[in-house]
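Colleague: I would like to learn how to read a few features of a model. Shall we begin with a single residue and then move to the chain?

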Amino acid sequence: MTAVPDASAARTRTAVVTGASSGIGAATARRLAAEGYRVVLAARRKDRIEALAAELPDAEAYRLDVTDRAAVDAFAAELDARHDSVDVLVNNAGGALGADPVATGDPADWRTMYEVNVLGVLNVTQALLPALTASGDGTVVVVSSTAGHGTYEGGGGYVAAKHGAHVIAETLRLELCGEPVRVIEVAPGMVKTEEFAATRFRGDAAKAAKVYEGVAEPLTADDVADTIGWAVTRPAHVNIDLLVVRPRAQAANHKVHRTA
Ligand code: 8X3
């Protein structure tokens, strides 16, 4: 594995990972811990992140709903009060609800997806930006999706929200040009995690399984964490603007090779 940039410096570098209770978030927390970061695991399910934190050499769990701005501000204030540095923020919390056509999609689902995938990223990024800037070498990662770069039938609200996450990354990078903060967007395609499709289809295991049916090797959470770990550990002057990662069997969101 590659070394954390400026690994010769005495201080330990800290990475905050949202949505760290499972899937890509948990895998990213493990990966950054392996790279030598102190990891702050943030998620709604405290039992899960506490269990993961206990496995890692230097980690702590913080119960956080990224859509709750007051809670996010309190989180940032607590890190600040402890004089904790924040060197890396991985905005991973997000998800899909439903796969209905635009004609029949539930506006409540669209709102929820906008809140977590867009306003969640905005909340945590705004709250931690002063600390990231003060670190002198900060990195903001936005885990978007290939759904942030193209659309597909039934994608509806999720595609709209992930386009929003992509726009945050693009705009923030422009606005921070000249500041010591990189903005990296990682856009995964089909990733088989225990929860993404199950959540999207509200626990309907058959519908969730259909997403990956006949796909020999969808990406795993570790595959995506590997790309995040790589991008974050490039030298400070190297900004990986956008990293799109898909399984070989998926040439586009609507073009997936499936065996019979
Ligand atoms: C997940 C990719 O194709 O399910 O972010 O929208 S997709």
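Modeller: Glu213 has 46% relative accessibility, so Glu213 counts as partly exposed. Buried means under 20% relative accessible area, exposed over 50%, and partly exposed lies in between, with a 1.4 Å probe and protein chains only. This is a predicted model, where local features need pLDDT of at least 70, side-chain atom pairs count only at pLDDT 80 or more, and totals for chains, interfaces and linings use all residues. Residues are numbered from 1 along each chain as its sequence is written, and side-chain values use heavy atoms, with hydrogens and water left out.

Colleague: Where is Glu213 found?

Modeller: Glu213 sits in the loop between helix H7 (205-212) and helix H8 (221-232). Helices (H or I, at least four residues) and strands (E, at least two) are DSSP runs, numbered from the N terminus. The chain has eight helices and nine strands.

Colleague: How much of the chain is buried?

Modeller: Buried residues are 51% of the 260 in the chain.

Colleague: What share of the contacts with a separation of 6 or more joins residues 24 or more positions apart?

Modeller: A contact means heavy atoms within 4.5 Å. In this chain the share is 69%.

Colleague: What does the radius of gyration say?

Modeller: The radius is taken over C-alpha atoms, and the globule rule is 2.2 Å times the number of residues to the power 0.38. For 260 residues a compact globule would have a value near 18 Å, and the chain has 18 Å, which agrees.
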